[in-house]
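Colleague: I've got a model open and I'd like to learn how to read it. Can you walk me through it, one feature at a time?

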Amino acid sequence: MDEVPPGINPHIPSVARMYDYYLGGKDNFASDREAAEQVLALVPETRQAARENRAFMQRAVRFLAGQGITQFVDLGTGLPTQGNVHEVAGKGAHVVYADNDPIVLAHARAILEDADRVSVVEGDLRRPDAILDHPETLKLVDFDRPVAIMLVAILHFIHDADDPQAIIGRLTARMAPGSYLVISHACPTSALSKDITDVYRSSMPGIRLRTRAEVLPFFDGLELVEPGVINVAEWRPEVAGELVALKGLGDYLVGGVARKR
Ligand SMILES: C[S@@+](CC[C@H](N)C(=O)[O-])C[C@H]1O[C@@H](n2cnc3c(N)ncnc32)[C@H](O)[C@@H]1O
């Protein structure tokens, strides 16, 4: 990317732009590529993990659409790439995207063609009510009806000091019965976890890898959909042969979907 949009510091790696680089996108700067290459040198499968994460998100949205969900709030949207939530959810669905990285906002607004049913909100997950009460959100989402709240590859950027459990509690408190929560989360897999955490320390906002056991309580009070919290690659593969295991990585990214009764 040559041009630097206003409000963006291209010299500090951003997790949104690093993720874009893993996925083969062009919306990244030298600092992002350098940090991402350091992670790739430690765990070359990171690109594959990013693709598996996107595929999990898309399968989850298709599953939810099949359950009759027509409202989605996607927190930590990332830079637009292929198969965004509104493209998978179906023509009638309302989708609100939120992210705290100005570069995501600049790009997402440019591609959103259908303002009647899709919107992008600047917001920080650490202040969840501000996102849910944003006028753009309330224009599209009726919280008295079932909604899907998506936390896909974002919670590992929320540190313990910011109390992710309490943030999720704020979100689920607003969900009507029959709503769903979707989470995917990066896990410490090996002796390399400390090195990966060190690379991300140079980025905004750093990373907090959590084990599956640490991720499970994020679904407390909700009913987990089968097969529960599992390697994202193994969550309801749709066609035989689709399941591509993250070779040698174990549970690098786990994910799950749960319903509010
Ligand atoms: C790895 S990307 C995931 C993108 C997309 N959800 C996906 O899974 O393909 C994480 C995104 O979360 C955003 N993010 C990180 N911390 C955030 C916060 N506190 N509030 C809102 N967005 C945040 C980043 O800017 C980035 O766009």
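Modeller: Let's begin with contacts: two residues are in contact when they have heavy atoms within 4.5 Å of each other. Keep in mind that this is a predicted model. In the protein chain, take the contacts with a separation of 6 or more: residues 24 or more positions apart account for 68% of them.

Colleague: How many helices and strands are there in the protein chain?

Modeller: The protein chain has ten helices and eight strands. Its radius of gyration is 17 Å, close to the 18 Å that the globule rule gives for 261 residues, so the chain is as compact as a globular protein of that length. Along the principal axes, the C-alpha trace spans about 45 × 40 × 40 Å. As for burial, 53% of the 261 residues are buried.

Colleague: Now the empty spaces. How do I find those?

Modeller: The general idea is that rolling a probe the size of a water molecule over the atoms shows where empty space is left. In this model, the largest pocket has a volume of about 1000 Å³.

Colleague: Which residues lie nearest the centre of the largest pocket?

Modeller: Its lining has 50 residues, and Val 15, Ala 16, Phe 157, Met 204 and Pro 205 lie nearest the centre. By class, that lining has 31 nonpolar, twelve polar and seven charged residues. At least two lining residues come from each of α1, α3, β1 (71-75), β2 (94-99) and α9, and α3 gives the most, with six.

Colleague: How many cavities of 30 Å³ or more does the structure hold?

Modeller: One. About 40 Å³ of space lies in the largest cavity. Residues lining that cavity include Thr 77, His 86, Tyr 97 and Leu 112. The lining divides into five nonpolar residues, four polar and no charged.

Colleague: Last topic: backbone angles. What should I look out for?

Modeller: Most residues other than glycine have a negative phi, and most peptide bonds are trans. Here, a cis peptide bond joins Glu 226 and Pro 227, with omega about 5 degrees. Pro 227 sits in the loop between β6 (223-224) and β7 (230-231).

Colleague: Which residue other than glycine has a positive phi near 55 degrees?

Modeller: That's Asp 163, in the loop between β4 (148-152) and α8. At 38% relative accessibility, Asp 163 counts as partly exposed. Arg 236 isn't a glycine either, yet its phi is positive, about 45 degrees. Look for Arg 236 in the loop between β7 and β8 (253-259); with 33% relative accessibility, it counts as partly exposed.

Key
Residues numbered from 1 in each chain as written. Predicted model: local features only at pLDDT ≥ 70, side-chain atom pairs only at ≥ 80, totals over all residues. Heavy atoms only, no water. 1 Å grid on protein atoms, 1.4 Å probe; cavity = no way out; pocket = protein on both sides within 12 Å on 5 of 7 lines; lining within 4 Å. Points joined across faces, edges and corners; volume = space filled by probe spheres on them. Nonpolar A, V, L, I, M, F, W, Y, C, P; charged D, E, K, R; others polar. Helix = DSSP H or I, 4+ residues; strand = E, 2+ residues; numbered from the N terminus. Rg over C-alpha atoms; globule rule 2.2 N^0.38 Å. Buried < 20%, exposed > 50% of the residue type's maximum accessible area, 1.4 Å probe, protein only.
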